[in-house]
Every structure is written in structure tokens, then in C-alpha cells.
Amino acid sequence: MVRKIYLLVVLVLCAITGMRAQEELFRINLEGLWQFKLDPDGVGIAENYAEKSFTEQIILPGTTDTNKKGNPIIKKDETTNLSRLFSYVGKAWYKKTVEIPQKWKGKYIRLMLERTKPTCVWIDGVEVGRNDNISTCQIYDLSNQLVPGKHEITIMIDNGKSVPPQLIGYSHAFTESTQTNWNGIIGNMYLEVKNRLHIKEVQVYPDVYKKSVRVRVNIASPEKIKKNTELILYAETWNTKTRYKTKAKSYRLTKMQEEYEFDYDLGSDALLWSEFHPVLYKLHVQIGDVDEQIVNFGLREFKTSGTQFAINGHKTFLRGKHDACVFPLTGHTAMDVETWQHYFRVAKSYGINHYRFHSWCPPEACFLAADMEGIYIQAELPFWGAFNKNDKYLNSFLTKEGINIQNEYGNHASFVMFALGNELGGDLDVMKDLINTFRSIDDRRLYAFGSNNYLGFKGYLPGEDFLVTCRIGGEQPGTFNTHVRASFSFADAYDGGYLNHTYPNTTMDFSSAIAGCKIPVVSFETGQYQIYPNYKEIEKYKGVLYPYNMEIFKNRLAEAGMLKQADNFFRASGKWAVELYKAEIEMDLRTDGFGGFHLLDLQDYPGQGSAYVGILDAFMDSKELITPEKWRGFCCETVPLLIIDKFCWSSDEQISAIIKIANYTEESLNGKSVIWKLKSLQGKILDKGSLEISSKDVGLIEIGRIHPNISDVDKAQRLDLEINIVGTSYQNTYGLWIYPSNNVIRQFTDIIITDTLGEKVIEELKNGGKVLWFPKHKLYEKQTIAGLFQTDYWNYRMFKTISENNKKPVSPGTLGILVNPEHPLFNDFPTDFHTDWQWFSIIKQSYPMILDKFPSQYTPIVQVIDNIERNHKLGLLFELAVNKGKLLICMADLKTVKDKPEVRQFYNSILQYMHSDSFDPEFRFDVDTLINLLRSETKTEQIEILENRSYK
């Protein structure tokens, strides 16, 4: 046995060695040390070519950042984005000596640079060409320059004024917000030799119904085709347990004919590619023993089906993630399959099946990993701005980039959608011409003019296959009827949109918005719910980027005396953001005929003022706010949905709700059953029932109506309504808050309730009385801010600027509330430590008090979490001992919303607490000191302006 294992190991090692030797026979790897010189003045080849000019060395693949070349960081007060520890913009020179073997004589030789910035190449001091591809590899034909012997390859790379200026600073191919504008070469880099007669390009067009592919082959040097030369095709699966190989088929080549097209049958048992079964084939294309090219492809068809999408004729729903090229350790996109596979697997564990690459196109490794993991990709041109028909340079550059993208990545099964960029404007005819050009080249995917063009105000425009947008046309003031997103900035929508404005429910959807649209609608940048930073993340930044922004935010909180609360702010805002994402995703799922959504985001975005909007951090690691299993309860291929008018109920009310299922699996649920249970948090079942599923449909299906009984509830409590599809892992849970039917606001003779701290009230406090004070908002406008239910959108700084520039209201900018649920005040008002749906009416009628001048140790009972720019200590409910008396201050006008059972219960809980012996405030002030503290104006640090291209 030992001998057999030894022989097997030897054979494997020999095979690996043979493969490497074979590769070395046809390639010269250019990775490793290169001579190097920065050229900020751009003096040119004549001065820089001399040996003495190249005084430094650099490792490639890599960048000036990863090699610590360029300008060391001086400015460490940047809060807009992560900071580059070494930055450089301009020309840089790279030189290496290579030896071309004798066997390469007379052959086709090419230089391949997988991803870089615009380059110019010299061989032995003679310029041989220029290339400005940034979305695809750069290829140089060096057949005539690289004769056998030693040669010097010199490459000048310019990440300065080498592309249209609109791309720098905004496109995620360049922006410092995420990928950075690096200089260098990443990915594969090598010299490769082929026979003059070789396969130049292979494109594979699948037909899922015929179980065949149309193969287009482009031959280089067709004049060298000899008589009886054949092209041989065969295919085999390679990433599945089910091995499948087709019979080889040969085709006769004709001298001087460069292009060929064949229909190649894969057989009736051929396997299809989808998110559920990402089966891939390798197509081997050979010209005898002269050349071979292997192309990966999947047998799939991704089309529209009415207002939704279909994969291989099966309706699907896009659960997408926005990708802005966030790689904090390298400052550039990952170029290896393994990293992308890891990212996609993490995303899929959270129910994601789709990626939108915002204003950039990922590399080959990403497409291949997506092929392997079953992810639907929307790639984009590296553009965010406005088209102008007279800008020939920009239009020509983007046309070239788009054609390259279609040709280089077009065979990938995952590449199903393409758009021209992000939030575009300007000449529509230019967009149409670009899409027509790309569609004529490749019809294997769907095309859109862009993502959220014209900010959605123009709605659907003929010529697009699908529409990515936040709204479909302009809405009437104060309405949301055209919205296909539940959250907006205050600059974009009245009161921040559906979720911040509307009394909580699970009945509202986007049906009215999509009613007039004939193509699938994908919700643009869904969510953007801000989460307070987790400062423990700082220690993870060990690469080219450092979070000085996070250190500054942390220091600001320390200066405000609240650093000890940082973790609580993070967890409370994060848990609430999860609930908001759940609500928004479910609005998408319960909209019949909806196409899908692009989250912004599953992970944090470290730029544009620092937008911590992810349930994962910038490294795609969990923030431990929710498990993937819990997230999949409302975001996966099959989601049980509860359709209910509200979350808060009196026990004398009859609950009536509908159960629906958003079903986008490959199999019918017909014949299965749904079990629902109404449970206490301790696990006691108060009511339960079951419904049979009698539908074979795919999509949104209605199961039936339920009437959970709450009449026996005699104490305020939260109950969970669980919905399970029997025999599956699909489960969803909804919190319901039930209050006793007799919760009228009580009266206590020992408590004075007032809205004015007048002389009589002050006298009561001095004499030991109890006072519940609702300060009049108008008297304290300079000492208070407005109430915001959801967490602030994206980040406060950017949309404060945008709102002010557009003369729109500025968001209150807060991130939810922080509560101590064990405080005796909440004995009769059950709550978690964070905002939840029962707080809506209370918070919407609130005007939190700025308590910055209170002692640093002072913490309100209900504290509103402020944003990282202001860092106010904000009190919604707080208590004080005043002279001999006791004062509780409520910064919410409860009387205006006392028709709601949760508000009455909250009011009663306050009064019951004040009436009890537990009402014993820790901090004591005399009346005059308190009045001075509350009346004093609070200075807010100047918040810097932060512009956004889409709003200029």
C-alpha cells in the first residue's frame, strides 16, 4: 500500500512538473522584480531609458502602493474615505530584461498585461505601441521585436491624465473612495508564444432548447492553413460530480478564411447552468497539433419574462448586491479566483444571487468564480456622469471599453446583464448608439442604458431590456407612488420615503410604480441604512489603506464623552438596520411581477464621507448583527411573507393577516403545507395553525388568511409569529406587540404633568414633588433636533450638502435609539435595546434634547444615537433629581398620537414607574442649573461640504 501511494505521489508530481515545463515552453513569466522609476514630471523615454535612471526596484504584479512607493501619507485627517499610506498619480517606468529562446524564432509572440492603466511599451529603447484598456487585458504583438536573445522591456504606466477626465474620481475603476487610482500591473503578466497560425478568438453562443452551442472561431494568419487542416471541437463538464463529455467533431479549414461558425451538438443529456446548478463546460478548440484554446461556458439562457427575469425559461428574482471594488488590504480588485469564490459564497449564504458592479467591470477571475458559484453578474462601463454627443474622446473610449468587455468576458455564463454606468444623464441618443453597438456584437445578455439614469425621473425609456431605478417617473409632492425603493435621502423624497414616513405595516408594496412599465424593474441601491462604526475593525487594516477616518470618528466620540457607549451605539443601530433591510427586501418580494433589487449594501462602503451601511464590514466579514441563516429567512429563493396591517395591537382586536410565499426555487411547492405559530419570547405557543399550498406557480403566491387569537393577552408583551414551510428550511418570523385592551391613560395624584416649567412646577420640585415634563418644542428649537425613525440614509455629511444645495429639508441625521430594556420604566412597555416597530409613533413625534453640557457620565433612559459628524448626546427620555424633587423629561408629544395602543402603553408605563419607589434619579441638579443647561445653545462643529456628481 505504501509503495502504491509513493508511486501515485511521484506520478502526480511528475504531471505537475510536466505541466509547468509545458507552460514554460510557451510562456515567460514576467512576475518578480522589475527596475523602477517614478516620473511625476513626465520627462519621457529619452531620459528615463538609461540604466542609471532606474535606481529602484518594484515587485510585480503589484502597485506603487503595495510596494510602498510614491508619496508617504502626510494628511491624516481625511474623513471622506480610507487613506492611502503611499499614493502616486502620474507616469511610472518599469523595466525588465528577458531572454527569448531560440525555439521562439519566427513565432507569434505577445506581451499580456492582465490589468493595468494606460501603457506605452518599448523594446530595447524603441517604442512599439500604446494601449489604454482599463477594463480588460492589454495585449502587445511583439513578434517582430523579440528575436532570440536578450531584450529590455520598458513599460510606462500613466494613471494621471491618460483617460477621459470624467472617469477619474467617480468611476469605481479609479475612485479613491474604494479601489483607488493605483499605478502598476496586477493579475497575470507574461510573454506568450504561438505558431503564426493560431486561434485568435473563440465565442460560444448556447442554445438551451437544442442543447447545442454555436461556436465562432477567429483564426490568425489564415494564409498558413494547409490542405486537410482541421479544427477539432469537444466539450466536457469540469466543476460537477456528474462528468459529461461530448464526442469530438472536426471541421475542415480553408486557406485564407479567417472566420468560422459551427453548430455543435452537446447531446440530449447536456446539463444546464443556473444559480441552483452552476454546471460549467470546457470547450476544447484545436487546430491539429498547432494550437489549442480552451473556453469555459455554461449552457444557459437569461431572458426577460414579462416584467421579471427567467433563467432557462424558469422565472427568477434578482437578489442583488452592489459592488464598488472594496478591497482595503490591496486598494485594487482581487485578481484570483479563490478570493472571488470566497466573496460569492459569503454573499450566497445571505441569499444573494446577483452582483451589480457599479461603474466598473471586474476581471476574468471574478467572472469565472461567479460561473462556478452561480451568481448573475451585471457589469458596467467605467463611467458615472453625463453623455455629450460632441465629446468624441469620451464616447470613443467608452465604445472601445464596451466592445472589449463583450469580447473578453462574453463567454461567461454569469455575465447576464450589462449597463453603461451609474446615474447617467445627458444625450440619450449616445446611450442608444452604445447599446445598439454592444447588442449587435453580443446578444447573450440583457442591456440597459445605465443604473438609475436621470435619477429615475424619466422612467422607462424604449430600447432597454430592463430598468434599474429608484423611481419610475416623477411623483406628486408628498407621495411615493412612483418609488421602487422604501428609503431615500430627504433631498430625494418627502420625509425620506415609505419606511420613515408610513405607520409600520407589511401591506405596502411597489405595485403602483411598476404598473405602467413593460420590462423588469430592479430596485436601485436598496437600503443604505447607516450603522454606527465598529471601532474594533480598525485593527484589521494591515495593508495599503488605513482608516484614519474611523480613528477621527472615534476621537470625536471620546471628546464628546461617550466613547464608552461606542459598542452599544454600533449594536443598537446595527440591529435596527437589519430590521429595516428586512422590511425593504420584503416590500420587493411582495410586489407581484417585480424584477429584483440591488442592495447598498451587504458590506460597508468606505468612501463618499464613509458610509457604514453593511451588515458585513469592508472585508466581507460579519458584524455579528445577524446570522446568515436568519437573514435568509427574508432573503433567499423562497420566503414566507406575512401581510398584516400593523405590528401593534390591542388584545380586544381581531388580527386578520394573509400568508404569501415568494417562491423562486426550481421546484413547485404544490402539496406542501405552511405551519404558523404565535409564540411568546419564552417559547409558549399562544395559537397556531396550518395552510395547504395548492399552487404550482413560480413567483408570488397567496396561501391563505389567518386569524391569530390574542384575546387572552392580559399583559403587554412582544409575540413572534413564525411561518414555516413544512419539510424545508424556509422560515420567517415577525414581531407583534400586543397590549391589554384596558390601557387607558391613568391618572396619579402624586405626579404633576406639564409642558411648561413654570414657577408653580418649580416650587413643587423644590418641595419634593414628582413632575413629568413634555417641553414645548417651540421654546427649545435651538436645543433640539427632529425625530428620525429609520437610521440616517448613507451618511449625514453628503446628503446634508445635497439637501442644502437643493433647498430641501436636511435629515435629522440620527441612527435610532439606545434603550436599557431592564430599566424599571419599561416594566409595562416591553422593548429591546434598539428601535423597533412599536417605537414609530413615539419617535416620529419626538424632538430629542441636546444634552452635550450634561456631565459626561450622564446617560438618558432613552438615548438617540447621533451620527459620526455631530456626536451630540441626545435625550428622548431622561430623568433628574431637582432640588428635593424628581423630574422625568419626555421629548415626544405623546398626546398627539395617544390613539395608538403602543403610545398609551408607553405613557402608562412612564406614569407607573414615576408612581413607584423605583423612581429615584441618580443625578441631582438645582433648578437654576438645570434651566441654564437646557437653555444654553450648543455649538456644532462645522461639517465640511461633500458633493456628489449625480446632484450637480
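This is a predicted model: local features need pLDDT of at least 70, side-chain atom pairs count only at pLDDT 80 or more; totals for chains, interfaces and linings use all residues.
Some overall numbers. Along the principal axes, the C-alpha atoms fill a box of roughly 110 × 70 × 70 Å. In secondary structure, the chain has 16 helices and 51 strands. Of its 952 residues, 61% count as buried. Taking contacts with a separation of 6 or more, 72% come from residues 24 or more positions apart.

Now to one of the sheets. In what order do the 5 strands of this open sheet run? The order is β37-β43-β42-β39-β40, and the pairing is mixed. At the edges are β37, residues 648-650, and β40, residues 685-692, each of which pairs on one side only. From one strand to the next, the twist averages 25 degrees.

In β43, W737 is the bridge partner of C648. Packed on the sheet is helix α15, residues 901-915, which touches β37 and β43. The direction of α15 makes about 80 degrees with that of β37.

How many disulfides does the count give? The count is 0, and the cut-off behind it is a pair of cysteine sulfur atoms within 2.5 Å. Take C635: the closest cysteine sulfur to its own is in C636, at 7.4 Å, so the two are too far apart for a bond. C635 is also buried, because its relative accessible area is 0% and the cut-off for buried is under 20%.

Last, the backbone. As a reminder, most residues other than glycine have a negative phi, and most peptide bonds are trans. Which peptide bonds do I want to show as cis? One joins L60 and P61, with omega about 0 degrees. P61 sits in the loop between β3, residues 56-60, and β4, residues 62-63. Another cis bond joins L600 and D601, where omega is about 5 degrees. D601 lies in the loop between β35, residues 596-600, and α11, residues 628-632.

As for phi, T180 is not a glycine, yet its phi is positive at about 75 degrees. T180 belongs to the loop between β13, residues 149-158, and β14, residues 184-194. M256, also not a glycine, has a positive phi of about 80 degrees. Its loop runs between β18, residues 249-252, and β19, residues 259-265.

Are these two residues buried or exposed? T180 is buried, with a relative accessible area of 2%. M256, at 56% relative accessibility, counts as exposed, because the cut-off for exposed is over 50%.

That is the end of my part.

Methods: Residues are numbered from 1 along each chain as its sequence is written. Side-chain values use heavy atoms; hydrogens and water are left out. Buried means under 20% relative accessible area, exposed over 50%, partly exposed in between (1.4 Å probe, protein chains only). Two strands pair if DSSP finds at least two bridges between them. Helices (H or I, at least four residues) and strands (E, at least two) are DSSP runs, numbered from the N terminus. Axes are lines fitted to C-alpha atoms, for helices over the stretch in contact, and angles run from 0 to 180 degrees between N-to-C directions. Contact means heavy atoms within 4.5 Å.
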